[in-house]
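Let's take a friendly walk through a protein model together. Have a look at the sequence and the 3D view, and then read on.

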Amino acid sequence: MMNIKMITSLILAGLAVIFIIQNVTVVEVRFLFWTVPISRALLIFLALAVGIIIGWTLRSLSSSRRDEE
């Protein structure tokens with residue numbers, strides 16, 4: 001019998017695969033003087049990763065300031 005975590009993981013992995021398959025279109029990202037062709041799915045993943053890193057950093061900075069007071 002499969003547990004609920006395994007089923008949830010398989011469903012999320014399946015949704016991620018469907019998302020990637022539907023967003024393979026190459027888009028051009030322009031920033032200042034650079035133009036980079038990149039797949040839309042990878043661009044969304046990178047934006048998510050940068051957002052998570054920024055949020056994690058700001059939260060740790062905020063909590064370290066509270067600890068000092």
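## A word to start with

A residue is called buried when its relative accessible area is under 20%, exposed when that value is over 50%, and partly exposed in between. You can find Ala13 in helix α1. Please keep in mind that you are looking at a predicted model.

## The overall picture

How many helices and strands does the protein have? There are 2 helices and 2 strands, and from the N terminus on they follow the order α-β-β-α. The radius of gyration is 18 Å, well over the 11 Å that the globule rule gives for 69 residues, so the protein is more spread out than a compact globule.

The C-alpha trace spans about 55 × 50 × 10 Å along its principal axes. For one distance within the chain, take Ala13 and Gly51: they are 38 residues apart along the chain, and their C-alpha atoms are separated by 21 Å.

What share of the residues counts as buried? Of the 69 residues, 4% do. The accessible surface of the protein comes to about 6500 Å², and 71% of this surface belongs to carbon and sulfur atoms.

With a relative accessible area of 36%, Ile7 lies between the cut-offs of 20% and 50%, so it is partly exposed.

Ile7 also belongs to a nonpolar patch on the surface.

## Asn23, between helix and strand

Next comes Asn23, in the loop between α1 and β1. Is Asn23 buried or exposed? Its relative accessible area is 11%, which is under 20%, so Asn23 is buried. Leaving aside residues up to four places away in sequence, Asn23 touches Ser39, Arg40 and Ala41.

## The hairpin

Strand β1 runs over residues 26–31 and is hardly covered: the count of buried residues among its 6 residues is 0. Which way do β1 and its partner pair? Strand β2 (residues 34–39) pairs with β1 in the antiparallel sense, over 6 bridges. Across this pairing, Phe31 stands opposite Trp34 in β2.

The hairpin has 2 residues between the strands. Leu32 has its place in this loop between β1 and β2. At 65% relative accessibility, which is over 50%, Leu32 counts as exposed. For background, most residues other than glycine have a negative phi.

Terms used: Residues numbered from 1 in each chain as written. Predicted model: local features only at pLDDT ≥ 70, side-chain atom pairs only at ≥ 80, totals over all residues. Heavy atoms only, no water. Buried < 20%, exposed > 50% of the residue type's maximum accessible area, 1.4 Å probe, protein only. Helix = DSSP H or I, 4+ residues; strand = E, 2+ residues; numbered from the N terminus. Pairing = 2+ DSSP bridges. Patch = residues over 30% accessible without salt bridge, like charges linked within 9 Å, V, L, I, M, F, W, Y side chains within 5 Å. Areas by Shrake-Rupley, 256 points an atom, 1.4 Å probe, with all protein chains shown as cover. Salt bridge = Lys/Arg side-chain N within 4 Å of Asp/Glu carboxyl O. Contact = heavy atoms within 4.5 Å. Rg over C-alpha atoms; globule rule 2.2 N^0.38 Å.
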